[in-house]
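Welcome! Take a moment to look over the sequence and the model, and then we can walk through some of its parts together.

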Amino acid sequence: LRWDIYTTANSQLPVNDVSAISTDHEGNIWLSTWGGGVVKISPSNHWTIYNSSTGITIGDIIKALAVDIRGWIWINTNMGTAYFNGTVWQQLQPTETGLPGNDMDSISTDSLGNIWFTTAQNSIAVYNPDGLAPDLTQITDVTQHPESILLLLNNRYLIPDTNPLLENGRTLVPMRFIFEALGAEINWIEGLQQVEATIGNNQVKLTINDSNAYANGQLITLDVPPKLVNNRTLVPLRFISESLGLQVDWDPVIRAVILTGAGDSHGK
């Protein structure tokens with residue numbers, strides 16, 4: 001096992017404080033640094049430095065870096081965000097992402113070409129150079145959807161055909177939509193108005209308007225039972241998600257339920 005250490009003393013690295021690393025489609029290594037801008041290392045070990053004197057207009061303190069499906073390089077700083085399309089660096093304005101500020105933190109990209117941004121105080125935003133899907137536009141502007149609840153599964157924004165419902169502090173979601181998104185096998189028993197969902201060795205069983213539910217054969221009393229709304233069956237999200245092996249978190253700022261873990265059939 002061999003380790004090669006690159007520092008300012010033995011390489012073209014501008015500073016030793018490296019904040020992020022990624023690779024693009026051509027095999028280049030991209031580094032973001034705290035005070036030295038961005039570094040590109042080609043497969044042939046050619047180094048290129050991008051900083052405030054060579055095109056990056058938002059400073060040399062780079063907090064985060066990511067590569068999108070186009071091969072564009074995205075960076076976050078405390079002065080905003082910018083991308084490199086292979087030719088020039090272009091700064092992105094807050095009004096384009098819906099983000100109400102410029103103090104950026106982490107950055108991530110998804111398989112649909114969306115770019116996701118987070119901040120310490122101004123929540124999250126999403127942007128796509130080719131245009132966002134209508135339901136994804138400026139999702140951080142909570143004034144646009146005061147009654148809506150957002151769903152994120154493994155960093156993928158879910159768009160149900162019926163809006164989730166918040167009742168007695170519990171989030172209810174459309175049964176078939178969420179089960180299919182989780183990759184669950186579904187069995188609906190019409191006569192009993194009962195549904196079973198299975199992922200691997202995990203199974204849940206629920207009945208409409210019945211607070212008694214089962215997780216792997218164990219009886220669980222629900223705070224809020226499944227219910228019918230606009231001909232859609234809504235089920236308690238936290239119970240089914242945790243019973244099927246996912247972690248469930250709630251972001252009160254953007255009113256988002258964040259699911260992480262196994263069971264994303266669309267991401268396979």
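Let us begin with strand β14 and its partner. Strand β14 is joined to strand β15 (residues 170–174) by 3 bridges, and the two run antiparallel. In one of these pairings, leucine 166 has threonine 171 of β15 as its bridge partner. Both strands belong to an open sheet of 4 strands, ordered β14-β15-β22-β21, with antiparallel pairing. At the edges stand β14 (165–167) and β21 (227–229); each has a single partner strand, so one side of each has no neighbour in the sheet. From one strand to the next, the twist averages 40°.

A helix packs on this sheet: α2 touches β15 and β22 (232–236), and its direction makes about 85° with that of β15. How many of the 8 residues of helix α2 are buried? The count is 6 of the 8, so the helix, which spans residues 175–182, is largely enclosed by the rest of the structure. Those buried residues are Met175, Phe177, Ile178, Phe179, Ala181 and Leu182. After α2 comes glycine 183, with a positive phi near 80°.

Strands β2 (residues 29–33) and β3 (residues 38–41) run antiparallel and are joined by 4 bridges; isoleucine 29 stands opposite isoleucine 41 in β3.

Strand β2 also holds serine 32. Is this serine buried or exposed? Serine 32 has a relative accessible area of 0%, so it is buried, the cut-off for that word being under 20%. Its side chain makes a polar contact with the side chain of serine 19, at 2.6 Å. Beyond four places in sequence, the residues that serine 32 touches include Asp17, Val18, Gly37, Ile62 and Leu65.

Finally, a word on confidence. The chain averages a pLDDT of 82, and 84% of the residues score at least 70. Over residues 137–146, however, the pLDDT is below 50, although this stretch has 21 contacts in the model beyond near neighbours in sequence. Residues 264–268 also stay under 50, with 12 contacts beyond four places in sequence. Where pLDDT is low, the predicted coordinates should not be read in detail.

Note on methods
Residues are numbered from 1 along each chain as its sequence is written. Side-chain values use heavy atoms; hydrogens and water are left out. Buried means under 20% relative accessible area, exposed over 50%, partly exposed in between (1.4 Å probe, protein chains only). pLDDT is the predictor's confidence in each residue, from 0 to 100. Contact means heavy atoms within 4.5 Å. Two strands pair if DSSP finds at least two bridges between them. A polar contact is a pair of N or O atoms within 3.5 Å; within protein, one must be able to donate a hydrogen and the other to accept it, and residues adjacent in sequence count only if both atoms are side-chain atoms. Axes are lines fitted to C-alpha atoms, for helices over the stretch in contact, and angles run from 0 to 180 degrees between N-to-C directions.
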